[in-house]
Each structure stands twice: as structure tokens, then as C-alpha cells.
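Please read it beside the sequence and the structure shown here.

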Amino acid sequence: MASSATEPVKVPVKVTVTGAAGQIGYALLFRIASGQLLGADTPVKLSLLEIPAAVKAAEGTAMELDDCAFPLLSGIEITDDPNVAFDGANVALLVGAMPRKAGMERGDLLGANGGIFGPQGKAINDHAADDIKVLVVGNPANTNALIAQQNAPDVPAERFTAMTRLDHNRALSQLAAKLQVPVTEIKHMTIWGNHSATQYPDLFHAEVGGKVAAEQVDGDWLRETFIPTVAKRGAAIIEARGASSAASAANAAIDHVHDWVNGTEWTSAAVVSDGSYGVPEGLISSFPVRAAGGRFEIIQGLEIDPFSRERIDASVRELAEERQAVKDLGLI
Ligand SMILES: NC(=O)C1=CN([C@@H]2O[C@H](COP(=O)(O)OP(=O)(O)OC[C@H]3O[C@@H](n4cnc5c(N)ncnc54)[C@H](O)[C@@H]3O)[C@@H](O)[C@H]2O)C=CC1
Ligand SMILES: O=C([O-])CC(=O)C(=O)O
């Protein structure tokens with residue numbers, strides 16, 4: 001239906017998705033095009049970046065997107081050139097990277113994947129729109145985000161984020177099942193640190209029914225079951241499916257960007273540290289964040305007990321080691 005003269009016509013938001021022909025891409029693109037990323041009144045233009053060998057597969061996905069006749073989808077472009085893919089991009093979802101196989105840690109992917117994120121960071125720096133927001137999903141996500149950010153000196157550092165929302169959602173789900181409450185009863189869940197087995201899902205600030213979650217579960221369950229189940233869930237999915245999480249990862253990417261754009265009181269996201277909570281400045285580490293006006297802000301003033309301090313420090317140490325490793329590789 002044509003808009004009337006009095007209705008403002010919204011300019012489509014350009015959303016660039018890398019790794020568009022991969023399994024997360026397939027679970028993600030249809031949800032973006034249907035309005036779940038940016039809202040039901042925001043038209044989107046999709047830009048799909050793939051390696052040359054996978055461009056044809058991305059074209060096939062684009063044909064399926066066409067076949068959905070999504071009212072909000074104003075166009076699709078497909079390219080193997082990052083300079084084209086990020087040209088004028090408002091939102092960039094950096095998914096394209098190799099997934100790990102059983103027996104690997106995500107950090108083992110740095111050698112294979114790290115090299116992808118420097119050129120993409122540079123292309124974002126040179127071509128993206130002024131309001132660009134970047135979410136890195138490809139593993140190891142925090143350090144890949146750091147590589148992209150360091151290669152984009154003209155873009156405000158705060159626009160580069162990495163995904164720990166899947167860990168956050170896993171933590172909500174595990175706690176809700178344990179306490180037999182709906183996930184909506186849980187407030188102030190937080191993932192700290194790296195999207196890796198060292199991550200720290202924190203129940204000392206989470207609340208259920210207005211009371212501290214850690215006080216509603218026994219300490220053994222918290223230490224021996226909850227933390228490792230959340231932290232090693234990615235490996236458990238690989239073991240069960242024979243492939244790494246895809247639909248749940250796409251869902252978390254939608255949640256992350258949706259909340260970044262539309263605002264939230266409290267979630268978890270890996271953002272550039274300003275030194276808060278003793279996390280060295282510049283590392284891209286997961287924190288409790290709120291979002292307002294299109295900006296994430298680290299929630300301040302939380303008291304950190306000694307158990308949590310030790311866990312946060314261990315994960316942050318790993319991030320510092322990964323930063324050193326990519327420096328040694330000449331990636332930043
Ligand atoms: N942060 C998180 O919570 C999660 C991260 N992941 C990570 O997301 C990444 C993607 O996972 P899947 O979609 O399952 O992998 P996949 O192998 O199914 O798809 C990856 C796609 O990326 C493409 N690609 C590779 N290099 C590229 C480049 N330079 N530019 C553009 N595209 C490129 C490949 O051609 C492939 O189509 C993996 O690194 C995986 O470990 C997965 C789940 C959760
Ligand atoms: O575990 C993996 O390799 C994929 C991933 O990041 C996750 O599922 O959290």
C-alpha cells in the first residue's frame with residue numbers, strides 16, 4: 001500500500017551480515033527481514049558478505065528471502081568485497097568465521113579467524129555510516145571484536161561489541177529450570193568476561209522474586225553445576241548436534257542488537273572496557289550493561305564478592321592473553 005503524504009517514510013536501515021551462507025546466517029536473515037531486529041516499522045536493506053566460494057549459496061538464501069515477500073525488506077545485495085558490503089552500513093553483524101569442532105576451545109580459532117577481522121574493521125572504518133553499530137559473533141568473539149575495533153580508528157570504540165547474550169540467555173534458562181520459575185521472573189543476570197569456558201555467569205547480582213538468586217540455590221549447585229553448564233554449553237551443543245549452536249546464536253544476536261537500538265534496563269554484552277570493575281581499559285569484555293539512546297553503558301556500583309572477583313579476574317586474564325597473542329600475530 002502506498003504511504004499517504006502525511007506519513008513519514010522511513011529510510012531503510014542497512015544491515016550487513018557476514019557469513020550469510022553459513023548456518024547462523026540462515027537462522028538470522030529471515031528474522032532480520034521480518035522486523036525482529038529493528039522493529040516492525042523499520043525497513044531494512046540487507047547486505048550479505050561471503051567468501052567467493054559461498055556467494056552462490058548466499059544467492060540461494062536471497063532467493064528464499066525474496067520468496068517470503070517481507071514487507072519491511074527493501075533490498076538485498078550480495079558481495080565478496082567488504083568495501084562494498086559495509087558501504088553505508090548502519091548495523092554490521094560479523095558472523096562469518098570458522099566454527100570450532102569437538103575438542104577445541106574457541107580461542108583455538110584465533111589463528112584461523114583472526115585474519116578476517118582486521119580487513120573488515122578497516123572496511124567499516126572507511127565505508128560504514130556514521131552511526132554504525134557492530135556486533136561480532138564469529139569466535140573467539142571478544143578478541144575478534146578487538147581486532148576489528150583496533151583496525152577502525154575513526155569509529156568510536158564503543159560501537160564495537162561482541163556477543164555474550166547467548167551465554168546470558170543460557171544462564172536465564174538454567175536458573176529458571178532450577179527454581180521452577182518463568183525466565184521473566186529473573187532480573188539482573190550478568191555474564192562477565194570472555195565468551196569462553198572461563199566466562200563467569202553471576203548469580204550474586206541476579207534476582208528472582210526480588211531476592212538474590214545465589215541465596216536461593218545451594219552453593220554446590222552454583223559452583224559445580226550452574227557455572228560449568230552455562231560456560232560449557234557451546235561444547236555440549238556441538239557434542240549433541242555435531243555442529244555448533246546456530247538458531248540460538250542467531251536469536252541472541254537479534255536480542256543483542258534489538259536491545260542496543262531500542263533500550264534495556266539490564267543485559268550482558270561484551271563492550272570496550274573503560275577500566276570498570278578492574279577490567280583493563282580497551283579489552284572487550286562482558287559486563288552488565290543498560291542501553292538507552294542507542295548506547296550501551298556499563299552498569300556501575302555493583303559490589304563484587306571475593307568468589308566473583310576471582311572468577312572475573314581469571315576470565316579477564318584470558319582476554320589479556322588473547323590480546324597479547326593477536327599483537328604477536330601482528331593483527332593489532
Ligand atoms: N558468540 C557466540 O555466542 C557464538 C559464536 N559462534 C561463532 O559464529 C561463527 C559462525 O558460525 P556458523 O554460522 O555456525 O559457521 P558456518 O561455517 O556455518 O558459517 C560460516 C560462514 O562464514 C563464511 N565466511 C568465512 N570467512 C568469511 C569472510 N572472510 N567473510 C565473509 N564470510 C566468511 C563461510 O563461507 C561460511 O558460509 C563461528 O566462528 C562460530 O564459532 C557460534 C555460536 C555462538
Ligand atoms: O561453542 C561454540 O563453539 C559456539 C559458541 O560460541 C556457542 O555455542 O556458544
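This is a predicted model: local features need pLDDT of at least 70, side-chain atom pairs count only at pLDDT 80 or more; totals for chains, interfaces and linings use all residues.

Gly282 sits in the loop between strands S12 and S13; helices (H or I, at least four residues) and strands (E, at least two) are DSSP runs numbered from the N terminus. Leaving out residues up to four places away in sequence, Gly282 touches Leu146, Val272, Ser273 and Arg323, where contact means heavy atoms within 4.5 Å.

Residues are numbered from 1 along each chain as its sequence is written, chains are lettered from A and ligands numbered from 1 in the order in which they are written, and side-chain values use heavy atoms, with hydrogens and water left out.

**Nonpolar cores**

A nonpolar core is a set of buried Ala, Val, Leu, Ile, Met, Phe, Trp, Tyr and Cys residues joined through side-chain atoms within 4.5 Å. Buried means under 20% relative accessible area, exposed over 50%, and partly exposed in between (1.4 Å probe, protein chains only). The largest core has 38 residues, of which Leu175, Met189, Leu203, Phe226 and Phe287 touch the most other members. At least two residues of this core come from each of helix H6 (165-179), strand S8 (190-192), helix H7 (219-231), strand S12 (264-272), strand S13 (284-292), strand S14 (295-298) and helix H10 (306-328). Apart from this core lies another of 32 residues, including Leu29, Leu93, Val137 and Val257.

Leu175 has contacts with Ile186, Met189, Leu203, Val208, Ala213, Val217, Trp221 and Phe226, not counting residues up to four places away in sequence.

An unreviewed UniProt entry annotates residues 164-326 as "domain: Lactate/malate dehydrogenase C-terminal"; UniProt positions are given in the numbering used here, feature names are shortened, and annotations may be inferred rather than shown by experiment. In the model, the span 164-326 is 45% helix and 21% strand, and its end C-alpha atoms lie 20 Å apart.

The buried residues of H1 include Ile24, Gly25, Leu28, Leu29, Phe30, Ile32 and Ala33. The buried residues of this helix pack against strand S1 (13-18), S2, helix H2 (55-67), strand S3 (73-79), strand S4 (91-94) and helix H9 (247-262). Gly35 follows H1 and has a positive phi, near 105 degrees.

Thr42 is in the loop between helix H1 (23-33) and strand S2 (44-49). Thr42 counts as buried because its relative accessibility is 9%. Its side chain makes a polar contact of 3.4 Å with that of Asp41. A polar contact is a pair of N or O atoms within 3.5 Å; within protein, one must be able to donate a hydrogen and the other to accept it, and residues adjacent in sequence count only if both atoms are side-chain atoms.

Pro43 lies in the loop between H1 and S2, and counts as buried because its relative accessibility is 16%. Beyond four places in sequence, Pro43 is in contact with Lys10, Val11, Pro12, Val13 and Leu72, and Thr42 with Lys10, Val13 and Leu72. The C-alpha atoms of Pro43 and Ser74 are 6.3 Å apart, although 31 residues separate them along the chain.

**His256**

His256 belongs to helix H9. With a relative accessible area of 1%, His256 is buried. Its contacts, not counting residues up to four places away in sequence, are Leu135, Thr161, Ala162, Arg165, Ala269 and Phe296.

**Ligand surroundings**

A residue is near a molecule if one of its heavy atoms lies within 4 Å of it. Around ligand 2 are Arg100, Arg106, Asn139, Leu166, Arg170, His195, Gly234, Ile238, Ser244 and Ser245. Ligand 1 is surrounded by 27 residues, the closest being Gln23, Glu50, Met98, Val137 and Asn139.

| Residue atom | Ligand atom | Distance |
|---|---|---|
| Arg100 side chain, N or O | ligand 2, oxygen | 2.5 Å |
| His195 side chain, polar | ligand 2, oxygen | 2.6 Å |
| Ser245 side chain, N or O | ligand 2, oxygen | 2.7 Å |
| Ile24 backbone, N or O | ligand 1, oxygen | 3.0 Å |
| Glu50 side chain, polar | ligand 1, oxygen | 2.6 Å |
| Val137 backbone, polar | ligand 1, nitrogen | 3.2 Å |

Taken alone, ligand 1 exposes 860 Å², of which the protein buries 85%. For ligand 2, the area exposed alone is 260 Å², and the protein buries 94% of that. Accessible areas come from the Shrake-Rupley method with a 1.4 Å probe; for residues, only the protein chains shown count as cover.
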